[in-house]
Amino acid sequence: MCLGTRIIFDLIKRLQRTVPDYKVALLKNEFGDVKVDSLLADESSIQVTEMLNGCLCCVLVGQMQNALEEIRATYNPDRIIIESSGSAFPAPIAWQIRQIEPAFHLDSIITVIDVVNFRGYEDTSYTAKMQAQYTDLILLNKHELATERDLDIVLEHVYELNEDTPKVKYSHDLDLDLLFGLDTQLFASSEDGKRLGELEMAHGGEAHMENEVDLLTIESECGSEPAGGLKTLEEWEKFLGSLCKESIYRVKGLLRCREGESSKLWIVNHAFGRTSLTPVTVEKVLASHQTCKAKLTVMGVSMGIYEPMFRRFVGEAAAIHMHLAHRH
């Protein structure tokens with residue numbers, strides 16, 4: 001499955017409430033040096049395996065098999081959910097799982113469409129088109145935040161990309177039977193393997209994500225800096241809310257905020273203009289990031305022009321390291 005992380009966490013929690021003994025593990029790729037979703041999972045008691053600075057749709061069959069077997073040996077889950085990144089091509093992942101059947105069985109490929117931010121992106125991203133075309137189910141997320149007119153326009157675009165695949169509005173009470181047990185037939189034959197090769201050639205091979213998304217990594221340590229030198233949670237929320245969502249897609253990582261005379265560590269997950277901040281409570285995470293002021297990965301385009309902005313906000317005097325890298 002290829003789903004949004006927030007939706008996945010919601011589904012796993014619902015499964016755990018419905019079937020308490022049912023175990024689910026999540027395999028995903030993460031960019032940057034902070035395993036943000038693992039940190040969020042620690043706060044939610046969900047098992048997550050993250051591949052840092054990698055691309056799941058570019059790994060070899062043996063690597064995918066090793067990752068899946070390690071998860072099975074470590075957690076022995078009833079189900080493994082694979083989440084590729086928003087700019088990953090899911091077809092190679094599905095094909096790799098087909099190559100190691102019956103050890104592992106491919107249930108379904110599900111694509112999440114962000115209704116609020118989809119318009120325009122599908123016109124510029126070849127990957128978005130492929131995600132919409134080769135899937136068993138399309139989930140429409142954030143539809144409640146869009147006007148009826150905007151939703152109709154998005155649906156028109158989606159139907160142009162994929163007319164036949166079911167399209168379902170996502171909600172927290174969506175019937176789980178719609179998502180599990182689909183027993184997909186995608187990429188099940190040798191002809192599909194040939195078709196996949198042709199798609200990968202058109203997709204640009206392993207360089208398919210180069211230049212689609214740039215990375216800006218930010219690291220700053222508090223050192224002996226007093227809490228008064230830190231930004232407050234409100235200041236961070238205002239700063240993140242001011243970022244242009246057409247240029248900056250995601251901001252993920254850790255940041256420390258001032259609270260009176262002390263400070264608190266937060267997990268930040270900012271996506272397309274919406275910010276989620278979760279306080280860190282797990283002792284092992286707090287202990288390993290005692291001096292962390294900010295450790296963030298920023299994903300978007302034209303990151304060079306945003307480096308000075310982040311540097312000024314985080315603090316010129318702090319020990320800060322930034323670099324640009326194409327996401328691959």
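I take buried to mean under 20% relative accessible area, exposed over 50%, and partly exposed in between, with a 1.4 Å probe and protein chains only. Helices (H or I, at least four residues) and strands (E, at least two) are DSSP runs, numbered from the N terminus.

This is a predicted model, in which local features need pLDDT of at least 70 and side-chain atom pairs count only at pLDDT 80 or more, while totals for chains, interfaces and linings use all residues. Residues are numbered from 1 along each chain as its sequence is written, and side-chain values use heavy atoms, with hydrogens and water left out.

**Entry: helix 9**

I looked up helix 9 and found Leu233, Trp236, Phe239 and Leu240 buried. These residues cover an arc of only 125 degrees around the axis, so they sit on the same side of helix 9; the arc is that of the directions from the helix axis to the C-beta atoms. On the face turned away from this buried side I noted the exposed residues Glu234, Lys238 and Gly241. I then asked what covers the buried residues of helix 9. The cover includes strand 8, strand 9, strand 10 (274–279), strand 11 and helix 11, where I count a contact as heavy atoms within 4.5 Å.

**Entry: the cores**

I define a nonpolar core as a set of buried Ala, Val, Leu, Ile, Met, Phe, Trp, Tyr and Cys residues joined through side-chain atoms within 4.5 Å. The largest such core has 22 residues, and those with the most contacts inside it are Trp236, Ile248, Val298 and Phe310. Two or more residues each come from strand 7 (214–221), helix 9 (233–241), strand 8 (248–259), strand 9 (262–271), strand 11 (292–300) and helix 11 (307–314). I also found a second, separate core of 19 residues, which includes Ala67, Leu68, Ala94 and Tyr134.

**Entry: strand 5**

Strand 4 and strand 5 run parallel and are joined by 5 bridges, and Thr111 has Ile138 as its bridge partner in strand 5. Strand 5 also pairs with strand 6 (residues 167–169) in the parallel sense over 3 bridges, with Lys169 in strand 6 as the bridge partner of Leu140. From strand 5 the chain crosses through helix 7 to strand 6, and this β-α-β crossover is right-handed, meaning that, with the strands pointing away from the viewer, the path from the first strand over the helix to the second runs clockwise.

**Entry: loops and backbone**

In the loop between strand 5 (137–141) and helix 7 (148–161) I found Lys142, whose phi near 65 degrees is a positive value in a residue other than glycine. Lys142 is buried, with a relative accessible area of 11%. His143 is found in the loop between strand 5 and helix 7 and counts as buried at 17% relative accessibility. Leaving aside its neighbours within four places in sequence, His143 is in contact with Val115, Leu151, Lys169 and Tyr170.

I recorded a positive phi, near 50 degrees, for Asn76, which is placed in the loop between helix 3 (61–75) and strand 3 (79–83). Finally, the peptide bond from Glu101 to Pro102 is cis, with omega near 10 degrees, and Pro102 is found in the loop between helix 4 (90–99) and strand 4 (110–114).

Terms used. Pairing = 2+ DSSP bridges.
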